[in-house]
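Subject: Structure handover and notes

Dear colleague,

Here is the structure I promised to pass on to you. Please have it open beside this message as you read the notes below it.

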Amino acid sequence: QTMDRRRSIHHHIISYLFPSSSSILCLCISFLVLLFTTNTNALVKLPENTTVPAIIVFGDSIVDAGNNDDLITEARCDYPPYGIDFDGGVPTGRFSNGKVPTDILAEELGIKPTIPAYRDPNLRQEDLLTGVTFASGGAGYVPLTTQIAGGIPLSQQLKFFEEYIEKLNGMVGQERTTFIITNSLFVIICGSNDIANNFFSLPTAQLQYNVASFTALMADNARSFARTLYQYGARRILMFGAPPIGCVPSQRTVAGGPTRDCVVRFNDACKLFNAKLSANIDGLSRTLQDTTLIYIDIYDPLLDLILYPQQYGFKVSNLGCCGTGFIEVTALCNNYTAAVCPVRSDYVFWDSFHPTETAYRNIVAKLLQRYLNRFF
């Protein structure tokens, strides 16, 4: 009965979007929309008459799915053991052992099993209908951050988004493209690299800024990015704050002292940025019409897993699963020099910077429970 009801809803949507006079091409696209929005069983019940055609993603390595794979950069992971628990154990360029948060979100909402990288050479045209990620490992809100890593800056991610819109127009026409952009979830996850790899790593950054002015710059750039997405037609925008960077294994190793404690000054910078981002997003939301623009707190859910791992079924939260767990990330996490823990689900972190799929699933479940009624 549930499947029949879903098909009935999809039939109604398709009938509305593609009237009987539509061309054969539109009918084919209708079939693809039906196929790719029913091949995943939704675990989250959406409000009646609510549709989410796609998830469109911008940001950094947390939600990169392989956009960096052909770049000359250390911020790439298209090699084992990355992807060891992904479909077929294939390394795709996702910075985890399996799926990343936006894959899980798409799965939970019943859109499709994963969100592919826009720059994936094997990307299928029909994947554009249900969303892609433009995110790039190493990206930040401050342009210099991305230059340091050799990733794809947010400005270029927006240019790829413009290409994406043009491709949609060519496939399904202006009306359907507008429908997709207006009703899709836009997810932006960024900021970690600005704090960890720019401000606290470059002496020149701390000569030019203090932590207050640097986090203000980050938050202002994030607000501008959200406003630009609104101007492109986005109306459901989720802006994620920074996680507790000071508690990720690599930062504890580098700056946490002999006992590898969480680095308080790193976490304080994250909290300061989050407060400014939240205020900026709330203020912008009040000025924009017909939009859902929400600040998403990722700091507390991840910190909870790190501080109280046993409560969530984890055994290790201060080491990564790959290698020694102290410092291995990207090139240092490889099949030749780094062994992998046998039970990935015991660990909060996959490498010394990025969580495991199990940790991501826990966090996404928490966020859906907390924010779903505000999404729609």
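This is a predicted model: local features need pLDDT of at least 70, side-chain atom pairs count only at pLDDT 80 or more; totals for chains, interfaces and linings use all residues.

Residues are numbered from 1 along each chain as its sequence is written, and side-chain values use heavy atoms, with hydrogens and water left out.

The protein chain has 12 helices and 6 strands, taken as DSSP runs numbered from the N terminus (helices are H or I with at least four residues, strands are E with at least two). Of its 376 residues, 56% count as buried, where buried means under 20% relative accessible area, exposed means over 50%, and partly exposed lies in between (1.4 Å probe, protein chains only). Among contacts (heavy atoms within 4.5 Å) between residues at least 6 apart in sequence, 73% join residues at least 24 apart. The chain exposes about 16200 Å², of which carbon and sulfur atoms supply 54%; accessible areas come from the Shrake-Rupley method with a 1.4 Å probe, and for residues only the protein chains shown count as cover.

In soluble globular proteins, nonpolar side chains tend to be buried together. The largest nonpolar core here has 95 residues, and those with the most contacts inside it are Ile-55, Phe-58, Phe-161, Tyr-164, Leu-229 and Met-239; a core is a set of buried Ala, Val, Leu, Ile, Met, Phe, Trp, Tyr and Cys residues joined through side-chain atoms within 4.5 Å. Helix H5 (residues 154–183) gives the largest share of this core, with 11 residues. A second, separate core of 11 residues includes Tyr-82, Phe-95, Cys-321 and Cys-333. Leaving aside neighbours within four places in sequence, Leu-229 has contacts that include Phe-58, Leu-158, Phe-161 and Ile-237.

Asp-297 sits in the loop between strand E4 (292–296) and helix H11 (299–307), and it counts as buried because its relative accessibility is 8%. A polar atom of the Asp-297 side chain lies 3.0 Å from the backbone nitrogen of Tyr-299. Not counting residues up to four places away in sequence, Asp-297 also touches Leu-367, Arg-370 and Tyr-371.

The whole structure holds 15 salt bridges, each defined by a side-chain nitrogen of Lys or Arg within 4 Å of a carboxyl oxygen of Asp or Glu. In one of them, Arg-344 pairs with Asp-85, the closest N and O atoms being 2.8 Å apart. This pair links distant parts of the chain, 259 residues apart, with Arg-344 in the loop between strands E5 (316–320) and E6 (347–349) and Asp-85 in the loop between strand E1 (55–59) and helix H3 (101–108). Arg-344 is buried at 18% relative accessible area, whereas Asp-85 is partly exposed at 34%. Asp-78 and Arg-76 also meet in a salt bridge, at 2.9 Å from N to O, and Lys-99, Glu-107, Glu-357 and Arg-361 are linked in a network of such bridges.

Val-254 is found in helix H9 (residues 249–255) and is exposed, with a relative accessible area of 61%.

Best regards

Key. A polar contact is a pair of N or O atoms within 3.5 Å; within protein, one must be able to donate a hydrogen and the other to accept it, and residues adjacent in sequence count only if both atoms are side-chain atoms.
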